[in-house]
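Here is a friendly walk through one protein model and its ligand. Have the structure open as you read.

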Amino acid sequence: MQLTELKGIGEKTAKKLTLLGIEQVNDLLFHLPLRYQDKTRITYISDLSIGQTALVEGEVIKTYLINSRKPMLVCEIDDGTGTLALKFFNFYHSQRLKMKTGSNIRAYGEVRLGKYTIEILHPEYQHYGEKTLPLESSLTAIYPKSEGINQSTIQKALNQVLLLLDRKEIKVEEFLPEHILTEQQLPNLSQALHYVHKPPADADTNALIAGTHTYQKRLILEEVLAHLLAMKQLKQKTQELYAPELPIEKKHIYEFLKQLPFELTNAQHRVIKEIHQDIANNHPMQRLIQGDVGSGKTVVAAIAILAAFYQNHQSVMMAPTEILAEQHLNTLKTWYRSDEIVFLSGAIKGKARIEALKQIKHGVRIIIGTHALFQKDVEFNALGLVIIDEQHRFGVHQRLALRSKGQFEALQPHMLIMTATPIPRTLAQTAYANLDISIIDELPPGRQETSTLVISNSKLPQIAERIKTNCQKGAQAYWVCTLIEESEVLRAKAANDTFEELRQWFPELRIGLVHGRLKSAEKQSIMEQFKSHKLDLLIATTVIEVGVDVPNASLMVIENAERLGLSQLHQLRGRVGRGNAKSHCVLMYQAPLGDVAKKRLDIMRSTTDGFIIAKEDLKIRGAGELLGSKQKGSVQFRLADYERDKNIFHSAQKLAAELIINHPHICQKIIDRWITSNDEISNV
Ligand code: ADP
Ligand code: MG
């Protein structure tokens, strides 16, 4: 049935709905409420708690303006149990006039703690007279916002669609096998849809608002299932492609390990074995390595590359920053004792670039670089292995671009993706259901936990003094200047100011400065000086956030740490504690600290376990952010929530496996229902 057959939906609105993936009347049923408003009951002012969203009513006791920078309208109401202030920054004069003392107002909004009373900022409100207003008989569904379509249009359309469903004029097909519904005691699909769009008056409102109602669970299960099936289908499709077989002889591994200055951990051995098994195969490997900061992922990548190298295939390793790419170049050069490595980054220009491109085209076997590697004119020759370091820094499209470059003679390269974000298992299994996952769950021996202090910026001179004393005793330190400005110029300036200041304070220290505005050669030279201990203290912007490895550095100061997110702090702190010395990290903050910032710093102080930090980050920021902001598309759910619905994700895993085997024809239908062409399913 066409959308335009509904009342209130014309051609224009129908077009806008199409942009949301809603093409037919049936699709509207799957446009699910994001949350609910409870306007079924009035709460007494004295019963309100901070943070609660509630419907209140009362008599206006006074209305006035507060003239601060921007005038604010305040209307205080009293319901006999207490008073509450309604506040408005944007208002019309006429609004104020209507809020007469003695008149009645009903308001809906989130209760906050104001200076003198509790208050609601910008409430929805209505006036009423002698007779109070009727209450809603059920929760009000609130739909995801979208350009140019208002709530009431969607609400009205859905009312009609639900009627059609009742009258059986439209149908939704049940895809989940009967026995699963019975086993899990789940309602059928049309009941569930009805319930969540228009909860009955006696519904368990708390459960609905929390998203834990059985009827919601029924839908969440199907949604998660659809994503899993889509990802698995993707994996299946990749496995049908061919890749060069890259088996490796044991002696080549031994030779390499013999000259390495350390022994591999068991975890590294295990993961290397998994990779070598994969790439000896003639189907493309699609493997994700998760290993916390400092767990030693680079060497694992290096040993993977050996296999391609001896089979005369190219390997390319891509890092998100120039500094990291250069570090990899230097590390690999020492490990391989080979010069058959070409470097390509945005900083390589002119003749040098032409030469690099030529070598890549002619089949140089090891290529290291940055995003510059997937520019149009980069042509590979027998690319066998693509390695992406710190994958969360890359978008899906960038990774795809690199892989598609690797195609030659109908063969796909093998793909290895490395990340330091230890994503909780259920999340990883869903978000990366198209990948095989290896985990390096062991740090090299001898590492000591970095201890973390949280200290106010006002103590900066004392901290600086301590850093100096330690540096004079042979320690090396990072001093990280944070500025969440988009502009690299401003960031560089902030770091430069600190640099000048610290240089004046401590002329006896060898201090370096690195930021994103430096020329590549300068950056490289500073990093080399720091690595070889020709510098004691390195002032840096967050350019050193990922991957940088100077094991002797054991001190880190992060200024304005309250501005950074958890995983960023964890990454930064991971720059120290890489050697055998006890390391310290000082998180400096600008008081006063907000609640969330305080929580973050507390978490950082209490643990160095990347897994715990990632879990907390997941709670604070949600899955999309955790997986890398550019990748949101791959994990955006209408209803499901990784934290809340852990159990459902779990059963969806099992269910997906069962459906693929026993009901393959249903799989595609479920995918089509839930995943519109607009959804970006991660394909790496
Ligand atoms: P990440 O996993 O964060 O990328 P790196 O690969 O940079 O970690 O390794 C961190 C440091 O640990 C490097 O200096 C590396 O040479 C060293 N390293 C790696 N594996 C081991 C090991 N098994 N024993 C001792 N040191 C190791
Ligand atoms: Mg690394």
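## Ligand contacts

A polar side-chain atom of Arg447 sits 2.8 Å from an oxygen atom of ligand 1, a polar contact in the sense of two N or O atoms within 3.5 Å. Another oxygen contact comes from the backbone: an N or O atom of Gly294 is 2.7 Å from an oxygen atom of ligand 1. On the nitrogen side, an N or O atom in the side chain of Gln268 lies 2.9 Å from a nitrogen atom of the ligand. The protein covers 88% of the 570 Å² of accessible area that ligand 1 has on its own, as calculated by the Shrake-Rupley method with a 1.4 Å probe.

This is a predicted model, in which local features need pLDDT of at least 70 and side-chain atom pairs need pLDDT 80 or more, while totals for chains, interfaces and linings use all residues. Residues are numbered from 1 along each chain as its sequence is written, chains are lettered from A and ligands numbered from 1 in written order, and side-chain values use heavy atoms, leaving out hydrogens and water.

## The shell around the ligand

How many residues surround ligand 1? There are 17, and the closest are Glu263, Gly294, Thr298, Arg447 and Asp549; a residue counts as near if one of its heavy atoms lies within 4 Å. By class, the shell has five nonpolar, six polar and six charged residues, with Gly counted as polar and Asp, Glu, Lys and Arg as charged.

## Domains

The chain divides into domain 1 (3-37 + 140-203), domain 2 (45-128), domain 3 (250-440) and domain 4 (451-607), with bounds from an automatic or database assignment. Domain 3 and domain 4 each give at least three residues to the ligand shell. The C-alpha centres of domain 1 and domain 2 are 34 Å apart.

## Two open sheets

Seven strands form an open sheet with parallel pairing, in the order β11-β12-β10-β13-β14-β9-β15. Strands are DSSP runs (E, at least two residues) numbered from the N terminus, and two of them pair if DSSP finds at least two bridges between them. Because β11 (341-344) and β15 (436-440) have a single partner strand each, one side of each is left without a neighbour in the sheet. Within this sheet, four bridges join β13 (residues 383-388) to β14 (residues 414-419), and Ile388 has Ile417 as its bridge partner.

Six strands make another open sheet with parallel pairing, ordered β16-β21-β20-β17-β19-β18. Its edge strands are β16 (451-456) and β18 (511-514). Five bridges link β17 (residues 476-480) to β20 (residues 553-558), with Gln476 partnered by Ala553.

Methods
Polar contact = N/O pair within 3.5 Å; in protein donor to acceptor, adjacent residues only side chain to side chain.
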